[in-house]
Amino acid sequence: MSTCLITGGAGFLGSHLCERLLELGNRVICVDNLETGSLRNIDQIRTPEFEFEMLDITSHFEVAGPVDFVYHLASPASPIDYARLPLHTLKVGAYGTHNALGLAKVKRARFLLASTSEVYGDPQIHPQPESYWGNVNPIGPRGVYDEAKRYAEALTMAYFRQQGVDTAIVRIFNTYGARMRPHDGRAVPTFIRQALTDKPLTVFGDGSQTRSFCYVDDLIRGLIALAESGLHDPVNIGNPDELTLLEMAQLIVELTGARSEVVFEALPIDDPQIRQPDISRARDLLGWAPKVTLRDGLRETIDSFSAGLDRTAL
Ligand code: NAD
């Protein structure tokens, strides 16, 4: 049995990762300060193999006993969160990543950094392979997140090269599923919340910007495969099935049977125009590819939103 420590384990992705690692027979230590996560995400986990530590990882932290894997996911992840918490986002990318890497070093654990497709910025090549260095505006409102993640990647490689820590970097592309917060501002939960309440779906710009959406179960499988591999270079994990945001809004209207119309709002600053992962590296080196179709993943997500949530919260 391995012991896995997950920073940000009470968040959207972290809580799914906790559950999956426990199902696979591991011990899990979930570390979170609940800044954007919630105890409700991990409430259903009832096993002595699970431990929750309420900690802010921007300060030095320790845990007792052996740790075999550190999955470092803690960070605000939605544009409205990092706009609200710009300094915290930079601190968690810098100090938080230092502290998580330091812990992995002391424990001789394998370390996995949850990075992001946002390191590619508004990309000039399509789809984006890991060899692309990106086109990021460091001083725009999104810079706090994009540059924190780019710094965290540089730091991870420095701990690998100079400190001998066994590290991996995953560049996560847009992922959706149950437990996203209905008001977190990301496209899928926003559209589902609006559709389930028959409100207009608010699409930014003319909706022609593209995204590629990965279902959470596929993403978690990729994260674990990468952590359990011996790879050190970044690996894209995402679903290459690309569509425009207008198409996504129309699909959610269809799947929910909503009577909503689509309305258009101003495009946020530095919003990427295109986004699609090149997943050749994940396919070739991990044998990983997404399995869940967009329609199936959206149906699951819509069901969880309509069943699990207090409708007044929508
Ligand atoms: P989330 O906001 O649901 O989860 C982040 C978690 O980190 C929360 O539980 C939050 O409370 C915790 N956290 C934040 N600061 C902390 C601190 N100082 N100390 C301890 N805990 C702290 O977001 P998510 O969507 O689950 O994203 C998880 C990770 O995956 C993030 O690093 C994000 O950048 C990355 N990522 C996610 C996506 C996506 O589509 N969901 C895409 C790319 C990258």
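**View 1. Surface and overall build of the predicted protein model.** The accessible surface of the protein comes to about 13500 Å², and carbon and sulfur atoms hold 51% of that area (Shrake-Rupley method, 1.4 Å probe). The protein has nine helices and 13 strands (DSSP runs: H or I of at least four residues for helices, E of at least two for strands, numbered from the N terminus). The radius of gyration is 19 Å, close to the 20 Å from the globule rule for 314 residues, so the protein is as compact as a globular protein of that length (C-alpha atoms; the rule is 2.2 Å times the number of residues to the power 0.38).

**View 2. Residues around the ligand.** The ligand is surrounded by 30 residues, and the closest include Asp32, Tyr145 and Lys149 (a heavy atom within 4 Å). The strand β5 gives the largest share of this shell, three residues.

View 3. The protein covers 97% of the 830 Å² of accessible area that the ligand has on its own.

**Notes.** Residues are numbered from 1 along each chain as its sequence is written, and side-chain values use heavy atoms, without hydrogens and water. In this predicted model, local features need pLDDT of at least 70 and side-chain atom pairs count only at pLDDT 80 or more, while totals for chains, interfaces and linings use all residues.
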